[in-house]
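Hi,

Here is the structure I promised to pass on. Have a look at it first, and then read on for what turned up.

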Amino acid sequence: MAETNQTRTSPRAGMPMRRGPMGRGPMGGGGGGKAKDTKGALLSLLSYCRSQAGIIALALVLAAVAAVFTIIGPDQLSRLTDYIYDGLSTEIDMVGVRNVALLLLGIYLASAVCNFVQHYIMQTVTQRTAKRLRGDIDTKINRLPLKYFSGNAAGDVLSRMTNDVDMIGQAMSNSLSNLVTAIAQFVGCLIMMYYTDWILATTTVLSTLIGLVLMVVIMSRSQKYFTARQESLGALNGYIEEMYAGHDVIRILNAEDEVKDTFSSMNQAVKDANFRSQFLSGLMQPLMTFVGNLGYVAVCVVGAWQIIEGNITFGVITAFLIYTRLFESPLRQISQAMTQVQSCAAASERVFEFLAEDEMEDESGKVQHIESVRGEVEFRHVKFAYPNAPEKEIIHDFSARVQPGQKVAIVGPTGAGKTTMVNLLMRFFEPTGGTILIDGVPTTDIPRSNVHSQFGMVLQDTWLFEGTVRENLLYNTEGVTEEQMVEACKACGIHNFIQALPKGYDTVLTDNTAISAGQKQLMTIARAMIQNSPMLILDEATSSVDTKTEMLTQQAMDKLTNKRTSFVIAHRLSTIKNADLILVMRDGDIVEQGSHEELLKQNGFYAELYNSQFEQAS
């Protein structure tokens, strides 16, 4: 079983949760092979922030105002320089100097205040957006069908929630306001320079034009490497998560060298993508420095000629030296901001690609619910093929009727379709043909949540999260008394074990807690008993326990299944002798059905399976 009702719901408030692996499959993100749409990803991000458009606009206006105040400064410095220069031969006008100095102080103070407010606003907006994105991704995870997780690595999904969302947040925080400030400063400087002297302005623009052209060329070449960086990082995270989860198996199979080689290859891919994207974007900084220095030289040479000709004053040269720096500075900021925008585009593409994945059918309009379930289940000519391989039918024509309170065992060789049938019963997948009914009501007419609430599940793969024993036992279950919880643990034979833990039922379970696989399995059985659902699904629930513990567990299971419709998937046929009905599956069909004694008398496929296990045991 790949998923349970419990893994599809959120934990109770205040309860820590560790989400287990969501699937195994090819490395990389969802929607592999889709055309990349960088522009569309940025538009999606802008649309996503539409609710905060007003406050963002205010921040951008403040950024532009701060840039304008910064631009006005050099013009006043030119006046101040002229006051001092002209006064060297006569007397310095101290009143004029004071007035200009006070004006400059007010201008730069206003610029600082505007910058502070806009940075505060953008940080607030950024954190709100990142929080909302993480919440939407978490919500999306619970709306995606199982087919998505069977084809995508869990680590890649986590990378979208962490690395990609963080990248978007950093880019929004640093690049958006800087980009607006730089553009406003660039345009303002251009206007002020031509207002002051068109010859020096043209000199500055021509010297800077070289940098602009090269910057555009570099940006157009480097975007693909930013996208490759985010994708390769997601793939690496997925591989690390998968290998960490299977660390013991890797050791047993002596596969360390193969894992190291694969990791090295993927790590090299991340390094190459990082190097190429950062190298190309890093060229912009020295390029803009060179352009700025070239502008200084050009202004000094042309300005000196202008002074000799008597066309400008010394104060104009002072102003233009500052304008040259201010004119080159926004180009540097634009180059840095565009680097972050490229990273943001690559991250946004992955995040919104995930948010755009096809979800399970919206069932808000389904009002039919089943209450006080009797437990009658009918499979009526059920057929099924996985969505990614519709031509390969797994279940051909499955029909069976289960009476309320019956214990039904589903047996058969690997690949016969046993777990698939339970997945269909729980509506993790939908049949491609036929109908499944609970108490005479088709499951497709009932909301999934209502179907899930009717079943307790115990799976072969145990699922415990990092929390106390009590929180694990009472997971997503309300109204359970201490006595009921303890009684369930006693029935499963784990009460004494739990009491022996350092803090008993309040002991926090972590990866370092000394607890065996069999004890974990018994805890999941106790959790199902506490849940007290009208129907049960047991998928090889005693596979992790020893023979003695199995006998105790079997008694607990008999008590658990008493007067409840239960479906038991079993490979160890000795554990289902007391089943009311045994369905024997082979290649997606029921080939035999009946009680244990009846099937042995038929001396058919079931008898062959049972005798082969008996011979192996002996």
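How close do the axes of helix 3 and helix 5 come, and at what angle do they cross? Keep in mind that this is a predicted model. The two axes, that of helix 3 (residues 94–141) and that of helix 5, come within 9 Å and cross at roughly 160°. Angles over 145 degrees count as roughly antiparallel, so helix 3 and helix 5 are roughly antiparallel to each other. Their crossing is right-handed. As for what sits in the contact of helix 3 with helix 5, the residues divide into 12 nonpolar, nine polar and four charged.

Now to the charged pairs. Side chains of opposite charge can pair when their charged atoms come close. The structure holds 15 salt bridges, and I'll go through three of them here.

Start in helix 5 (residues 154–196), where Asp-156 and Arg-160 are four residues apart and therefore separated by about one helical turn. These two form a salt bridge, with 3.1 Å between the closest N and O atoms. Is the pair buried or exposed? Asp-156 has a relative accessibility of 0%, so it counts as buried. Arg-160, with a relative accessible area of 1%, is buried as well.

Arg-160 has another partner: its side chain also meets that of Glu-353 in a salt bridge, at 3.5 Å from N to O. This pair links distant parts of the chain, with Glu-353 in helix 10 (residues 314–355) and Arg-160 in helix 5, 193 residues apart. Glu-353 is buried, like Arg-160.

Which residues do shared partners join into one network? They are Asp-156, Arg-160, Asp-164, Arg-350 and Glu-353.

Four strands make an open sheet in the order 2-1-4-5, and the pairing is antiparallel. Strand 2 (393–402) and strand 5 stand at the edges with a single partner strand each, so one side of each has no neighbour in the sheet. Strand 1 (residues 377–385) pairs with strand 2 in the antiparallel sense over six bridges. To get your bearings in that pairing, find Ala-385, which stands opposite Glu-393 in strand 2.

Last, a couple of backbone points. Most residues other than glycine have a negative phi, and most peptide bonds are trans. Asp-439 is not a glycine, yet it has a positive phi of about 55°. Its place is in the loop between strand 4 (433–438) and strand 5 (441–442). Asn-476 also has a positive phi, near 60°, and is likewise a residue other than glycine. You'll find Asn-476 in the loop between helix 13 and helix 14 (482–491), and its 36% relative accessibility means that it counts as partly exposed.

Cheers

Note on methods: Residues are numbered from 1 along each chain as its sequence is written. This is a predicted model: local features need pLDDT of at least 70, side-chain atom pairs count only at pLDDT 80 or more; totals for chains, interfaces and linings use all residues. Side-chain values use heavy atoms; hydrogens and water are left out. A salt bridge is a side-chain nitrogen of Lys or Arg within 4 Å of a carboxyl oxygen of Asp or Glu. Helices (H or I, at least four residues) and strands (E, at least two) are DSSP runs, numbered from the N terminus. Buried means under 20% relative accessible area, exposed over 50%, partly exposed in between (1.4 Å probe, protein chains only). Axes are lines fitted to C-alpha atoms, for helices over the stretch in contact, and angles run from 0 to 180 degrees between N-to-C directions. Angles under 35 degrees count as roughly parallel, over 145 as roughly antiparallel, 65 to 115 as roughly perpendicular and the rest as oblique. A crossing is left-handed if the near helix is turned anticlockwise from the far one by less than a right angle, and right-handed if clockwise. Ala, Val, Leu, Ile, Met, Phe, Trp, Tyr, Cys and Pro count as nonpolar, Asp, Glu, Lys and Arg as charged, and the others, Gly among them, as polar. Two strands pair if DSSP finds at least two bridges between them.
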